[in-house]
Amino acid sequence: MKKEEKKSKPKKKIFRLIIYSLFVFSFLALGILYFLNIIPILYFISLTSFIFAFDILMTYFIFGKGWKKRLLGTILSLIAILGMIFIIFYSFNTLDFLHKIDNQDYITKNYNVITLKNSSYNKLKDLKNEDLGIFNDEDSKGINEAKEYLNKKIKLNYQEYEDLSELLDAFLNEDVEAILLEDTEKNILEEEHEDLLDKEKVIYQFSIDIKVEDDLAKNVDITKEPFNIFISGIDTYGKITSVSRSDVNMIVSINPLTNKILLTSIPRDYYVKLNGINTTYKDKLTHAGIHGIDVSVKTVEDLLNTDIHYYAKVNFTSLVSLVDELGGIEVDTDKAFRAYYIEEKVVNYNFKKGTNKLNGKQALAYCRERKSLPNGDIDRTKHQQQVLEGIIKKALTKNIITKYNDLLNTLEGKFITNIGTKNITKLVKNQIKKMPNWTIEHNTLKGTGEYNYTNAYKRSKSYVMQPDEESVEEAKNLIKNILDEAL
């Protein structure tokens, strides 16, 4: 009898440890889920009741009579513990993700030191005591920080220009030995002068992070009040904090009372007055992104006389990664066309009339192509809407939960938003609770192509799209109607 008692003591310790672990992990999992606040309260109460009823039943099995019950209780308890660890891991991952998107309080400016291709300057140190031309107008952000950075590396004589075209002339005429261009300035000049790539040589690159204050959010109860989100898609890969041209400019108007969504696209070349930029010239809407997301948001508010409550900023990397992680999306195309884009090499894609399933790179090409489309940028904005709709529909399917953790890891660091953690969890909770069927509508602003002077490039005329006023008024009314509509 004594030997049997001695043998049973270690077993009882193991059983107590299993039950203790089961209750501890249950408390931890429920606690973090409550803190995360994405599960509707009735669902949470039901889940809590089920878990503790299960824990009590396992306690009865393990400490009850009969080895079969103890074995079953032990196996089920261990499986449940692993499940709780899984919930805790996912929840912490979600909290970390939400914390990071809530703390994007800086922008990144990427600079290039450029010399003529046939010059003898090949490294930054070769320019010691030489003249460096820089673009510096009153709306430039980061130029002083860039000069500070360079001053720590080398002594230079700065020649300042308030017009990009004057800076370019000084460079080509060899009035300065080199120029300093931020990525967006470089892209604008290369867009206006296709032969510039053959004449320039980048000898040094660096980045500057600039602290910004984001007070753009106009908070509403997004489960009970309609709201607008501005989607800005910048034309770069890599760091989402990088400042660049906004090639996708879309307002997503959401009415949670009627479960309706309106996608309103504005062509990138729309000729508009940039908010807060002191100039006599209008500019392409895409150039608003050069000055920061705040200028893009406020310019669109001015154009359509509506409040932008929140924004989300994405880039090429964001789109490719997201679509691939979702397992691809489907779009319906009303005409066949060919698209290509340049990454490591030129990639061609043929899209057929009808339903096309797209992976990440195909979705990017589908969004970017305009030259082979009969209506150019107007058709491109419609394709951007189709891709966004495809992403929304795929993200709202029930099987997305199996990709949840991978999706968060994919999105981390690849988009910026000011919606805020509380609002994101509210959206998730509302979707879980109601599982509504959303109706998605589309609208694209129209205009007429012409050549005109712009704030970004004042010396010669660039291609712009003159807004069609009837189209603008129609967009205003459609947005107002969806926001004002009640059940």
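In the predicted model, residue N136 is buried, with a relative accessible area of 18%; buried denotes under 20% relative accessible area, exposed over 50%, and partly exposed the range in between, with a 1.4 Å probe and protein chains only. N136 is located in the loop between β2 and α4 (143-151), where helices (H or I, at least four residues) and strands (E, at least two) are DSSP runs numbered from the N terminus. Beyond its neighbours within four places in sequence, N136 contacts I143, E160, Y161 and E162, a contact being defined by heavy atoms within 4.5 Å.

Residues are numbered from 1 along each chain as its sequence is written. As the model is predicted, local features need pLDDT of at least 70 and side-chain atom pairs count only at pLDDT 80 or more, whereas totals for chains, interfaces and linings use all residues, and side-chain values use heavy atoms, with hydrogens and water left out.

The chain contains 13 helices and 19 strands, and 51% of its 487 residues are classed as buried. Along the principal axes, its C-alpha atoms fill a box of roughly 105 × 60 × 40 Å. The accessible surface amounts to about 25000 Å², with 54% of this area belonging to carbon and sulfur atoms; areas were computed by the Shrake-Rupley method with a 1.4 Å probe, and for residues only the protein chains shown count as cover. Of the contacts between residues at least 6 apart in sequence, 73% join residues at least 24 apart.

Axes are lines fitted to C-alpha atoms, for helices over the stretch in contact, and angles between N-to-C directions run from 0 to 180 degrees.

Within the sheet, β7 (residues 246-255) and β8 (residues 260-265) are antiparallel and joined over 6 bridges. M250 is placed opposite S265 of β8, and I251 has T264 as its bridge partner in that strand. The hairpin of β7 and β8 has 4 residues between the strands, and N259 adopts a positive phi near 60 degrees there. N259 is partly exposed, at a relative accessible area of 22%. Strand β8 also runs parallel to β17, to which 6 bridges join it; one of the pairs is I261 with I440 of β17. Of the 6 residues of β8, 5 are buried. A positive phi, of about 50 degrees, is likewise found at N305, which is not a glycine. N305 occupies the loop between α7 and β11 and is exposed, with 64% relative accessibility.

The largest nonpolar core comprises 47 residues, among which I229, V252, V387 and I391 touch the most other members. Such a core is a set of buried Ala, Val, Leu, Ile, Met, Phe, Trp, Tyr and Cys residues joined through side-chain atoms within 4.5 Å. Residues up to four places away in sequence aside, I229 touches M250, I251, V252, I254, Y310, Y311, A312 and I419. A second, separate core has 29 residues, including L216, I266, Y311 and A475.

The axes of helices α9 (residues 360-368) and α10 (residues 377-395) come within 7 Å and cross at roughly 150 degrees. A363, Y366, C367 and R368 of α9 meet R380, H383, Q384, Q386 and V387 of α10 in this contact. Helix α6 (residues 183-192) has T184, E185, K186, I188, L189 and E190 buried. The elements covering these residues include β1 (106-116), β2 (131-135), α5 (164-172), β4 (178-182) and β5 (200-211).

Methods: Two strands pair if DSSP finds at least two bridges between them.
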